[in-house]
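Subject: Structure handover

Hello,

Here is the structure for you to look over.

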Amino acid sequence: MKTSPLQQVKGNFGEKAKLVSSVQALATEALWLDRVNPGRGLAKVSNSKLLKLHAALSRAKDQFGSREKLVAAILTLCKRGKDEGYKARLIAYPVPRLLDLHDSLSKKSGKPAVVRAAKPAEKRIARTKKAKLKAA
């Protein structure tokens, strides 16, 4: 049974203020681009967005440590390590988008090459009278 975002916040953090403070603790200079509207702040963001942001930031911190390392991992996956223009463009992306890009590139590069056995050529059976006459 799926639970609502409010139930998840109450179950995992107790209240929304604790969730906001934990997201702010994860949002250090190494992971976070400060693009939040100064009038609104994180306290006005919905619970579901905060939960997704908390999950993305904690995953990025655990797996990579910083945005720079995440960008470097993406560059090595797509074999563009020396491309400074692409790196500059990736640095402007938010962490959830970088994680999605990393996941998709790792799926692409992790796929084993599919080797198909050669099948013998099968004759197609003509289905119409005209095709039967043409084949004969």
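H3 and H6 pack with their axes 9 Å apart, at an angle of about 60 degrees. Axes here are lines fitted to C-alpha atoms, for helices over the stretch in contact, and angles run from 0 to 180 degrees between N-to-C directions. The helices themselves are DSSP runs (H or I, at least four residues), numbered from the N terminus. H3 and H6 are therefore oblique to each other. For that term, angles under 35 degrees count as roughly parallel, over 145 as roughly antiparallel, 65 to 115 as roughly perpendicular and the rest as oblique. H3 passes H6 in a left-handed crossing. Left-handed means the near helix is turned anticlockwise from the far one by less than a right angle; right-handed means clockwise.

From H3, the residues Leu53, Ala56, Leu57, Arg59 and Ala60 meet Val95, Pro96, Leu99 and Asp103 of H6. Contact means heavy atoms within 4.5 Å. By class, the contact of H3 with H6 has seven nonpolar, no polar and two charged residues. Ala, Val, Leu, Ile, Met, Phe, Trp, Tyr, Cys and Pro count as nonpolar, Asp, Glu, Lys and Arg as charged, and the others, Gly among them, as polar.

Before you go further: this is a predicted model, where local features need pLDDT of at least 70, side-chain atom pairs count only at pLDDT 80 or more, and totals for chains, interfaces and linings use all residues. Residues are numbered from 1 along each chain as its sequence is written, and side-chain values use heavy atoms, with hydrogens and water left out.

Next, the core. The largest nonpolar core has 29 residues, and Leu57 and Leu90 touch the most other members. H2 (16–26), H3 (47–63), H4 (67–77), H5 (84–91) and H6 (95–110) each supply at least two residues of this core. H3 gives the most, with six residues. Such a core is a set of buried Ala, Val, Leu, Ile, Met, Phe, Trp, Tyr and Cys residues joined through side-chain atoms within 4.5 Å. Buried means under 20% relative accessible area, exposed over 50%, partly exposed in between (1.4 Å probe, protein chains only). Leaving aside neighbours within four places in sequence, Leu57 is in contact with Val23, Leu26, Ala27, Leu31, Trp32 and Val95.

Now H4 and H5. Their axes are 10 Å apart and the packing angle is about 135 degrees. H4 and H5 are therefore oblique to each other. Their crossing is right-handed. Arg67, Glu68, Val71, Ile74 and Leu75 in H4 meet Tyr86, Lys87, Leu90 and Ile91 in H5. This contact of H4 with H5 has six nonpolar, no polar and three charged residues.

H1 (residues 5–12) also packs on H3: the axes come within 8 Å and cross at roughly 55 degrees. That makes H1 oblique to H3. Pro5, Leu6, Gln8 and Val9 of H1 make the contact with Asn47, Ser48 and Leu51 of H3.

- Lys79 sits in the loop between H4 and H5. Its phi is positive, about 55 degrees, although Lys79 is not a glycine. At 75% relative accessibility, Lys79 counts as exposed.
- His102 is in H6. At 13% relative accessibility, His102 counts as buried. Not counting residues up to four places away in sequence, His102 touches Phe64, Leu70, Ala73, Ile74 and Leu77.
- Arg89 lies in H5. Arg89 is partly exposed, with a relative accessible area of 47%.

Best wishes
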